[in-house]
Amino acid sequence: MTRTRSALFGLLTIAALAATAGPALAPAAAAEAPTGNRIETPVSTNSPVTGVTESEVSVYLPLPASAGPHPAACDWLSYLRYRAADGPTRSADADRILVAQPGILEGAGAFDSVARDTITAADELGRHLEFWALDRRSNCLEDPTGRQAALAAKNSQVAIDYYYHGTSVDGRTFAGYADNSQLGWLGRVGMEQTVRDEYDLLAEELPSQPLRKQKVLCGGHSLGGIITGFFAEWDFDGNPATTDDAGYQQCGGYFALDTTISTSMSSLSGMPTMSDLLPDPGIGYAATQAALDAGLVPRSIQLPVLLNAETMNVLGIAGVAADVDPAGLSSLAAALPDNANLDFTLRFLFSRELTNFVTGSPAAKDFRLSNDAALGALLDNNSEPLAFLQSAAGFFTGGPVGAKDFPVPHDLTQVPELATLKELLGPDPKAIPTEPNGPEYGWANYDQVSSGEFTDPSREVTDIGELARSLAEQPLDFTEEYFPTKLVTDIYQAGSPQIQSHLLYPNGISANPVINLLGGSGLVVGNGVPPGRTVIAPGYHHLDVLTAAPVQNTGAADPISANLADFATGH
């Protein structure tokens, strides 16, 4: 975890506190609750990584009554289970089980590539791993019907019609994005519920605590590392005299994917927490909870533009288009409705300079982009302006490109005063197509890039096709539409007695070995070396530690999955 990451959390928290609720809409449609207490469904994708079996697991673990009224679907916890196809079918018989917490605005689907590649690497070492990618309860609010129908039809327009034109799929129509007034229960889903969910899920799936201690490795990506730190120090039975229930006793080790395993945002960032600023930390915690309960604070992170449920869903639609028809001409920008949220977001992401942003001309829809180029424009490190959404997945082809000087100069190294923003915005120069209504821009994949002004093969690591597949083909989303605000405020108020009363094992993190798997261009390098074994992957950005190709341009194996497999198998 870094100063930049902490600053980002603070920025998102402040934005959430300041944002006003949007128009009243019906909550997103929820799937009917399955029968039985545990449902496991095979998942079939077009992944080129063979030898790995995937399934979606849902376990009935209802929310407490104190959470208040909530959709029935939210009483289920879900995760993606990856295992070696030639390995044991029972999780308890695997050599190790890696359990991963997602980052902010992130779902289980984001772990698809790193899970498959880690299991494959372990197989080559003669060991059988399982990888469980967890989903937060808040993802129960999402309606993936349109994207799944578009994937089946191999036509992204099906998703546009479902989400924006009232078209029904199997008798269901999109009910809209949930309004703050409909998310009262989410205001009670913070750190306590999140770590409890992980504990209860582990206990349900692996009832033997000694076996969990022997075989489970706990970790996560981004914010998931902080959640894992809280989990390690948490007391789950309210009795400090017993330790079998302690978080650190559920894991034999920890793994951090471009993050660190920690509970202290202050110690990592140098920034004071809310608890440090208040004479009685408990007052701040109580006041925040009261504001969440009253709806004065949005219960999920919903910025008016750029980062909200709608934009996260659009990112998934872009993934579907790039997955089913990568070279086809993108119609996404033209097909989306003209609303303030999407208009501002597209201007922010596709404007070359300030005048372009203010006038809206040329607009994103004025450029002819292939579907994979459109996805690259949204997530590639040479285009996407926010570091925590960046992957190094290739570069534009087919037409002229120029420096992207909005929202900041394309090359921050030329402006010493902006050097502190490099980790927030990424270290790479930004580029954008410059000829509207002209040539069709395509996309050179990570292993097709030539050296140029903006990039070179050594700085490209993620396959754009695999990135699209992870966004499109997973039953649990890559992105998260309703990230609980309370989870962030609890982290910043960790010094309050309401949180401290659960953190009874301050040595819980140091009790187990740690591996830190960091991107050389990610969010942690340059801010001190975290404790534990550390591996730095050159050229990797924040998402690359999850999405990188198994074979890199150097011919070497992906160092993230290779070292994670090495750590998990004890080599």
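1. In this predicted model, the disulfide of C74 and C140 is right-handed, with 85° about the S-S bond. The link bridges distant parts of the chain, 66 residues apart: C74 sits in the loop between β2 (52-60) and β3 (76-84), while C140 sits in the loop between β5 (129-134) and α3 (145-153). The S to S distance is 1.9 Å, and both C74 and C140 are buried.

2. A further disulfide is formed by C218 and C251, with the sulfur atoms 1.9 Å apart. Because the torsion about the S-S bond of C218 and C251 is about -80°, this disulfide is left-handed. C218 belongs to strand β6 (residues 216-221) and C251 to the loop between α7 (223-233) and β7 (253-257), so the bond ties together parts that are 33 residues apart in sequence. C218 has a relative accessible area of 0% and is therefore buried; C251, with a relative accessible area of 0%, is buried as well.

3. When the bonded cysteines of the chain are numbered in sequence order, the pairing reads 1-2, 3-4.

4. D179 is buried but has no salt bridge, and R299, the nearest side chain of opposite charge, is 7.1 Å away. The side chain of D179 does make a polar contact of 2.7 Å with the side chain of S181.

5. The peptide bond from S361 to P362 is cis, with omega near -5°; P362 falls in the loop between α14 (354-359) and β8 (368-369). A cis peptide bond also runs from F406 to P407, with omega near 10°. P407 is placed in the loop between β10 (401-403) and α16 (422-425).

6. Positive phi values are the remaining point. L105, which is not a glycine, has a phi of about 55° and lies in the loop between β4 (96-101) and α2 (112-124). Its relative accessibility is 6%, so L105 counts as buried. D258 likewise has a positive phi, near 50°, in a residue other than glycine. D258 is in the loop between β7 and α8 (265-269), and at 2% relative accessibility D258 counts as buried.

How values were computed: Residues are numbered from 1 along each chain as its sequence is written. This is a predicted model: local features need pLDDT of at least 70, side-chain atom pairs count only at pLDDT 80 or more; totals for chains, interfaces and linings use all residues. Side-chain values use heavy atoms; hydrogens and water are left out. A disulfide is a pair of cysteine sulfur atoms within 2.5 Å. Helices (H or I, at least four residues) and strands (E, at least two) are DSSP runs, numbered from the N terminus. Buried means under 20% relative accessible area, exposed over 50%, partly exposed in between (1.4 Å probe, protein chains only). Lys and Arg count as positive and Asp and Glu as negative; His and the chain ends are not counted. A salt bridge is a side-chain nitrogen of Lys or Arg within 4 Å of a carboxyl oxygen of Asp or Glu. A polar contact is a pair of N or O atoms within 3.5 Å; within protein, one must be able to donate a hydrogen and the other to accept it, and residues adjacent in sequence count only if both atoms are side-chain atoms.
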